[in-house]
Amino acid sequence: MIFSRAGSISAIQEEKEWDVIIIGGGATGLGTAVDAASRGYRTLLVEQSDFAKGTSSRSTKLVHGGVRYLAQGDIALVYEALHERGLLLKNASHLVHDQEFIIPTYDWSSKLMYLVGLKFYDLLAGRSGFRKSAWLTADKVLAAIPGLSKKALIGGVSYSDGQFDDSRLAINLAQTAAEYGGVLLNYMRVNSLTKGSDGRVNGIITEDLETGESFKVYGKSIINATGVFVDDILKMDVPAGNALVRPSQGAHIVLDRSFLKGDTALMIPKTSDGRVLFAVPWHGKVLVGTTDTPLDAHSMEPKPLTEEIEFILKTAGNYLLKKPRHQDILSAFAGLRPLAAPGKNTGSTKEISRSHKLIVSDSGMITITGGKWTTYRRMAQDTIDKAIALGQLHRVKCITEKVKIHGAQEIVEQGEFAFYGSDAAKIKKLMKDDAQLAQPLHTESSLVKAEVIWMVRNEMARTVEDVLARRRRVLFLNAELAEKLAPAVAEIMAVELEKDMEWVSAQLQQFNELVAQYLLKYQEIPSH
């Protein structure tokens, strides 16, 4: 199956019954599509927006066991996540790499506690390809993180975890599923579920948001993998059902690399309100976050709260020599974690499970929720195994521990195109064949015309936002630069997609409104 939207539309017009229909194109849904397709099941995935539009493009970009969960005593979750971290390093070598972190210490009891805890973390990880933890003197800490304040510093503990590009991995998972015969569609919204005479869910009615055309498709197993939107789908099945998910918002800001310096990430394990804060080098910038704010409602484009931005700036300023201010923020974004909510009322997301949950409705629909990026593969395996256990699918063994993700290489690509992995050579060929395609779209950016063409033809990019937010991370890294690039990107896409100038104008208006949000123009900057 070629990963193209036109080809996928043709497939759902021709194929009316599938083995597996997955609703949701984030990490969990895409992982489930890879799992199902690689087992040989006829697999369809539909996503109401773009792949990874929601939570799955808004993480802290870490593939990790979760040091904080170890501190909370959730050893099983950490062990599982560390195993999956090792698999990702092998199977998505072009996107996942070993990142050094340092926890600065300011008293000897903290030094001992963190060192003992991280040695246990190493033990749980086993031989997974990551470096082991070590005690560092204050001088070595400052040499690794020149931007760190030395006030009261006695040393630090270094450890190793994984870093990745979340939305690039999502796109590559979609391509991987397609290579195994799966059919995947973005901008395809589920409007209702269909049921047989026995009351069991047996299909979906879905609408192409580009054309307005509706499709009725049937499946043996219907899987709800919509993250914070799972309750919306569950209510299509049982309108009076209780909420399954309590969203928690995590905000991040992006700063210039000069605030951290060096290639080592900073981890603050305990902040003023008990949260963990990371400052991580990412695509030439510094990503700082996150927060943990319980919310009662979800949205496709959540906004960082003023108090979240204040918390991040203040906390980072307590540790960095160069104190970040509002005007230093290059971009700010928020994501909603789909935390599995317990039956009791709780105001703290620390009491809400971060392990994943599988729920089977009376109608036979399977809902997967909770979890985190690192464990997406295991969540997918458990989901398809559940469908088999229910008798919805014939038994086939899971093989995804050994499935290489699209783009993975034995010898990893270096340079500007490294995150494309094995596709980098194909983009470079486009540039070689036509020198005009090798020209940067703006003097401040390395993005070239060939990349945009590649994304439209091979990565199902449909909008300017798809290109500048998720296939190239410009919106997340430097929102003002994204706004400067948008006109050129829109013009290239209009040619590729055969769109008119009205489409271009509409795209630019929508994208510029989004840029304003990432620049926090809706917030009032505090006077202090």
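Me: Which strands each supply at least two residues of the lining of the second largest pocket?

Reply: In this predicted model, they are β4 (97-105) and β13 (277-282). β4 gives the most, with 4 residues. The pocket holds about 590 Å³ of space, and 25 residues line it, the closest to its centre being H97, Q99, Q163, P281 and H283.

Me: What makes up the lining of the second largest pocket by class?

Reply: The lining has 8 nonpolar, 10 polar and 7 charged residues.

Me: Happy with that! Now, why is E301 called buried?

Reply: Buried means under 20% relative accessible area. E301 has 17%, so E301 counts as buried.

Me: And what makes E301 and K53 a salt bridge?

Reply: The cut-off is a side-chain nitrogen of Lys or Arg within 4 Å of a carboxyl oxygen of Asp or Glu. For E301 and K53 the closest N and O atoms are 2.5 Å apart, so the pair meets the definition. E301 lies in the loop between β15 (293-294) and α9 (306-317), and K53 in the loop between β2 (43-46) and β3 (62-63), so the pair ties together parts that are 248 residues apart in sequence.

Me: How do you know that K53 is buried?

Reply: K53 has a relative accessible area of 7%, and the limit for buried is under 20%, so K53 is buried. K53 also forms a salt bridge with E465, with the closest N and O atoms 2.7 Å apart. That pair links distant parts of the chain, since E465 sits in helix α13 (residues 464-471), 412 residues from K53. Both K53 and E465 are buried.

Me: Which residues are linked with K53 in a network of salt bridges?

Reply: The network links K53 with D50, R58, E301, E465, D466, R470 and R471. The structure holds 36 salt bridges.

Me: Good to know! Why are R378 and D382 said to be separated by about one helical turn?

Reply: Because they are 4 residues apart in helix α10 (residues 376-389).

Definitions and conventions
Residues are numbered from 1 along each chain as its sequence is written. This is a predicted model: local features need pLDDT of at least 70, side-chain atom pairs count only at pLDDT 80 or more; totals for chains, interfaces and linings use all residues. Side-chain values use heavy atoms; hydrogens and water are left out. On a 1 Å grid over the protein atoms alone, a cavity is a set of points where a 1.4 Å probe fits but cannot get out, and a pocket is an open set with protein on both sides within 12 Å along at least five of seven lines; lining residues have an atom within 4 Å of a point. Grid points are joined across faces, edges and corners, and a volume is the space filled by probe spheres set on the points. Ala, Val, Leu, Ile, Met, Phe, Trp, Tyr, Cys and Pro count as nonpolar, Asp, Glu, Lys and Arg as charged, and the others, Gly among them, as polar. Buried means under 20% relative accessible area, exposed over 50%, partly exposed in between (1.4 Å probe, protein chains only).
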